[in-house]
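The paragraphs below are meant to be read with the structure open beside them.

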Amino acid sequence: MADSVFTYDASTWSVTPAMKEAYNKNGYILVRQMLNRKEIEKVKAALENPDGVQRFAYTREDGKKRTNKIVLWNHPGHDITGVLAKTQRVAGTMEQLMGGDEVYHYHAKLIMKEAKTGGTFLWHQDYGYWYRNGCLYPDMASVFIPVDDTDRANGCLQVLRGSHRLGRVDHLDIADQLGADPERVEQAQKVLEHIYVEMKARDMLFFHCNLLHTSDQNSSDRRRWVFIVSFNKRSNNPYKEHHHPQYTPMTKVEDSALLECDETKNQEGKWFMVPGGLFCVA
Ligand SMILES: O=C(O)CCC(=O)C(=O)O
């Protein structure tokens, strides 16, 4: 784990060869304190605003008598959540870790595991889903940005270190979810290190789309909300149209744009997934 953990310093930040090596070897890097206190408060307030993304929240059963609340959208938009996704710190770092070719916003989501009721996510690879969308290469990745501290008690993310190098594992319908083939997961668990990625709000985890990950129910009395932004490469434009975007140019913004933005309500430009389809905010 230690070789994949770094600490952010705004005055010196760049993606170093050590970070790239760790990402390629382990399938992820964890960067501590990547947002400052003002920034995380802003992001949290935007995600919590009942007149913002919350208008599009829905509940998903986990197949184990628990639920997660989710908001999922395509295209970053122009509010605080969109600005964060487009910053050099988020999109630029991800682009560098993914090899430097241009990336675009594939989708973003807010996962709300509420205290006492929050559900599980089965072991899966994100590419297990995205493969079905016509993305030929696993040249995709996500940034996991908790807005609450997350630990074993409130259902932190768990990963199998280096599992992205297994390639894509078959995904099956299991307990109302799409999960990685349990036989493969069981074998992978015998040879790969199982890591509970405990994080503070302000930290970010950058992870490869073939990294096997899961999370437990939240039986604690603390909620666990996380904002996740996923990127695809321009060169990996999906070969078929589906419910997430084809290549759409994304202009990255300076990190300072986050504190300069005060928009938390206007969701113009985003397409939200809602039960029954996609809803465009014109
Ligand atoms: O929030 C979590 O614990 C996991 C979320 C996840 O893996 C997903 O949405 O694909």
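Residues are numbered from 1 along each chain as its sequence is written. The model is predicted, and for that reason local features need pLDDT of at least 70 and side-chain atom pairs count only at pLDDT 80 or more, while totals for chains, interfaces and linings use all residues.

Helices (H or I, at least four residues) and strands (E, at least two) are taken here as DSSP runs, numbered from the N terminus. A residue is called buried if 20 or more other C-beta atoms, placed from the backbone, lie within 10 Å of its own. In helix α1, which spans residues 17–26, Ala22, Tyr23 and Asn26 are buried. These residues lie on the same side of α1 because they cover an arc of only 100° around the axis, the arc being that of the directions from the helix axis to the C-beta atoms. The buried residues of α1 pack against β2 (28–32), α4 and β12 (204–208), where contact means that the C-beta atoms of two residues, placed from the backbone, lie within 7 Å. Just after α1 comes Gly27, with a positive phi of about 90°.

Helix α4 (residues 88–97) is mostly covered, with 7 of its 10 residues buried; among them are Arg89, Thr93 and Leu97. Gly99, which follows α4, has a positive phi, near 115°.

Turning to the strands, two of them are said to pair if DSSP finds at least two bridges between them. Strands β3 (residues 58–61) and β4 (residues 67–74) pair in the antiparallel sense over 4 bridges, and Glu61 has Thr67 in β4 as its bridge partner. There are 5 residues between β3 and β4 in this hairpin, and Gly63 in the turn has a positive phi of about 80°.

An open sheet is formed by 4 strands in the order β6-β13-β8-β11, with antiparallel pairing. Its edge strands are β6 (121–124) and β11 (194–197), each of which pairs on one side only. Between β6 and β13 (residues 213–215) the antiparallel pairing runs over 2 bridges, and His124 stands opposite His213 in β13.

Which residues are around the ligand? They are Ile111, Phe121, Asp126, Leu157, His213, Ser215 and Val226, a residue being near a molecule if its C-beta atom, placed from the backbone, lies within 6 Å of it. By class, this shell has 4 nonpolar, 2 polar and 1 charged residues, where Ala, Val, Leu, Ile, Met, Phe, Trp, Tyr, Cys and Pro count as nonpolar, Asp, Glu, Lys and Arg as charged, and the others, Gly among them, as polar.

Technical notes:
A residue is buried if 20 or more other C-beta atoms lie within 10 Å of its own, exposed if 12 or fewer, and partly exposed in between; C-beta atoms are placed from the backbone.
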